[in-house]
Amino acid sequence: MYVKDNEECGAKAVAGSFHFWPFGRTGILLWLLFLVFCQSAQALPSFARQTGQSCVACHAGGQFPELTPYGRLFKLTGYTNGVQTNPLAAMIVGDYTGTRNNSDGAGGSISPKDKQMLIDYSSVFLGGKITDVIGGFAQFTYSSYDHQDASGNWVSHLGSDNFDLRYADRKVDTSRDVIWGVTLNNNPTVQDVWNSTPAWGYPYVSSTLGAFGGAPASTLIEGGLAQQVAGIGAYVYLNKSLYLELTSYQTAKDTWSFLSLGNKKGDTYHPLTYMDGSSPYARLAYTYEWGAQNVMVGAFAMNAKILPMDDSNNPVYGQGSTEYRDTGFDAQYQYLLDPHAFTAQIRYVKEEIRDHTQTLYDGPASLRSFKVKGSYVYLAKYGASLAYSNVNGSSDATAYADSANFSPDTQMWTPEVFWLPMQNLRVGLQYNYFTRYLGASNNYDGNGRNASDNDTTYLYMWYAF
Amino acid sequence: MDAMDMKSTFKPSHLILALCVTAFMGCTSTNEETSPMAGIAMADKVCSMCHGLTGESISPMFPKLAGQQKDYLKLQLTDFKGHQRSDKAGTQYMWGFTHLTETQIAELADYFSSQSPMKADADTPDARGELIFRTGLPESGVVPCSSCHGADGQGNGQFPRLAGQHAYYMIRQIKVFQETEQRPRGAIMKQVTHSLSDADAESVAHYIATLGAKK
């Protein structure tokens, strides 16, 4: 990375200004990590190494994983720009979660490790060009605090994270510009190049151990099948205007289980979700670019049938499935003109659920999930964003048992401020502000807990190298 | 603590994963050492992503290259490759092209210089800008731009075509010349822009943007 002198020591300045000593061993470790990474500031995440370009070339305002128009083209043409080089990269996330009211009313706490600075999780990436027409992205994530065993000790977990392997090519001349490709991936919308769809949508990091790191109900396509499925799809992007994609997903088992490592049937903590047959996914997007601005409007849909699990978390065949029909509409806008970057994403997913197993829902159900986010970054260094999430749907006593009126209805605002002292280090402070939670603002659980009790502070440091 | 229980995983899956890893790691020699891409192919595949297929870039972040002076293009590509040109955007987007061969540079310069000249980027007239462009500001020591860049802003050899260029891009470069040493080959511009006020820089840039080819 062609880091200027005054940026190499940015990490030292960061380390000095963060008073980690009160946080004990973890704090010292983090400070040491900063010093180490300050020395190795030449190291690049693999795509930047491959192209020799700075992160902002592909990431809008430096907000990885948000993509610029160039970043979208890089991905759509198979991650093949540049030279084949060391494909390894890594990231570490250290964070702190503060749940506003962490008492469960019976002397216990709700969010574990609340108000503690943690090295939460880290990932290894294999990414980049394999040939001129084949490239990909493979991520594996290690969670320090995955679950507690019977004695209360924390157990870590290593498993597959996002994966997208592509073959892609482009034919361009004065009369037309056609990009086409095929993708093998393990998470519906991970292959998408706009940040309005779930896999790469905001928030990019959020509390993992906090009980209220997000909305308590979401549609299946919003992460429910992440690393559970193997998808094979084909797409075309015509004249940088029209994007069409069709992908078929199936359970990532047997030959495909390298896409769902760390998940398997019968596992207590990470049972593999089994699909009945294969599930189609379709995506349509229209884009337009003018001056420093660009816009996308699109739609996506997926039908999936999920098999029930028995008490040992094995899939049960022959007793029906839960059918999810997700239809989504999304849009994105960007204004990118140094020193300013403004990006906004919006999506609305409508879900119809038919549970033929009668294990998850009492009857036919529907869920509507709306998300919108806007962010502004100055000099790709100082940023702020505001997100709003509104989930509502039919009431169901089985699905939303924690709600006094069995409702999923939740409204949440998430303001965030963030700082990129170096292009590959993001420090941020996020706050989930609930005006409604599982059906009510006040006393949503019938035991006096209010939506605002779930407000959550989330401070993070996200380092990629 | 058995973080990843591999015992019960079906073996072909691991074979596929191993193949993926091998493919990614692959050979570490660069493609350019074995078969350098022709300039036109590079323009199509890479340059066009920001600069447009014919050099008519959409975003003012990226200069138009359509009909740019061939010598100027060669020199800028050489300076990006060798890291002599170090303006911020140039560093962020163009410093990766260290593998360009002289042939590729010549081919790219040929390709973009032979495109139809860049279209006008604005159409509102700017009288102050025209004054500066044609007659300069003798009292401040600002020479007329046209004396080196041509009566129509078309450029000449090492002096780039400006007519029709994004005004935002030209303003940025004026600031780079005025305030930094990041474009040493353009040192003459330092003298030229020394006394140019911000308002005048904007005026002249907006005027020159209107000089491009009619749409």
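## A residue in the core of chain B

Leaving aside its neighbours within four places in sequence, B:Val204 is in contact with B:Gly129, B:Ile132, B:Phe133 and B:Cys145, where two residues are in contact if their C-beta atoms, placed from the backbone, lie within 7 Å. B:Val204 is also, together with B:Leu108 and B:Ile208, among the residues with the most contacts inside the largest nonpolar core, which has 132 residues. Such a core is a set of buried Ala, Val, Leu, Ile, Met, Phe, Trp, Tyr and Cys residues joined through C-beta atoms within 7 Å; a residue is buried if 20 or more other C-beta atoms lie within 10 Å of its own, exposed if 12 or fewer, and partly exposed in between.

The element that gives the most to this core is helix H9 (residues 167–179) of chain B, with seven residues. Because domain 1 (37–113) and domain 2 (127–209) of chain B both give residues to the core, it lies between them.

## The model and its confidence

This is a predicted model, in which local features need pLDDT of at least 70 and side-chain atom pairs count only at pLDDT 80 or more, while totals for chains, interfaces and linings use all residues. Residues are numbered from 1 along each chain as its sequence is written, and chains are lettered from A and ligands numbered from 1 in the order in which they are written.

The average pLDDT (the predictor's confidence in each residue, from 0 to 100) is 91 in chain A, where 91% of the residues score at least 70. Over residues 1–29 of chain A, however, the pLDDT is below 50, although this stretch has 41 contacts in the model beyond near neighbours in sequence. Residues 31–44 of chain A also stay under 50, with 24 contacts beyond four places in sequence.

## The two domains of chain B

The bounds of domain 1 (37–113) and domain 2 (127–209) of chain B come from an automatic or database domain assignment. The C-alpha centres of these two domains lie 21 Å apart, and 14 residues of domain 1 are in contact with 17 residues of domain 2.

## The overall form of chain A

Chain A has six helices and 16 strands, which are DSSP runs numbered from the N terminus (helices H or I, at least four residues; strands E, at least two). A compact globule of 465 residues would have a radius of gyration near 23 Å, and the 22 Å of chain A agrees with this; the radius is taken over C-alpha atoms, and the globule rule is 2.2 Å times the number of residues to the power 0.38. Of the 465 residues of chain A, 49% count as buried.

## Where chain A meets chain B

The contact between the chains takes 43 residues from chain A and 43 residues from chain B. On the side of chain A that touches chain B, strand E4 (154–173) is one of the elements that give two or more residues, and E4(A) gives the most, with eight residues.

## Backbone details in chain A

The peptide bond from A:Tyr202 to A:Pro203 is cis, with omega near 0°, and A:Pro203 has its place in the loop between strand E5 (176–185) and strand E6 (229–238). A:Gln227 lies in the loop between E5 and E6 as well; its phi is near 65°, a positive value in a residue other than glycine, and A:Gln227 is buried, with 24 other C-beta atoms within 10 Å.
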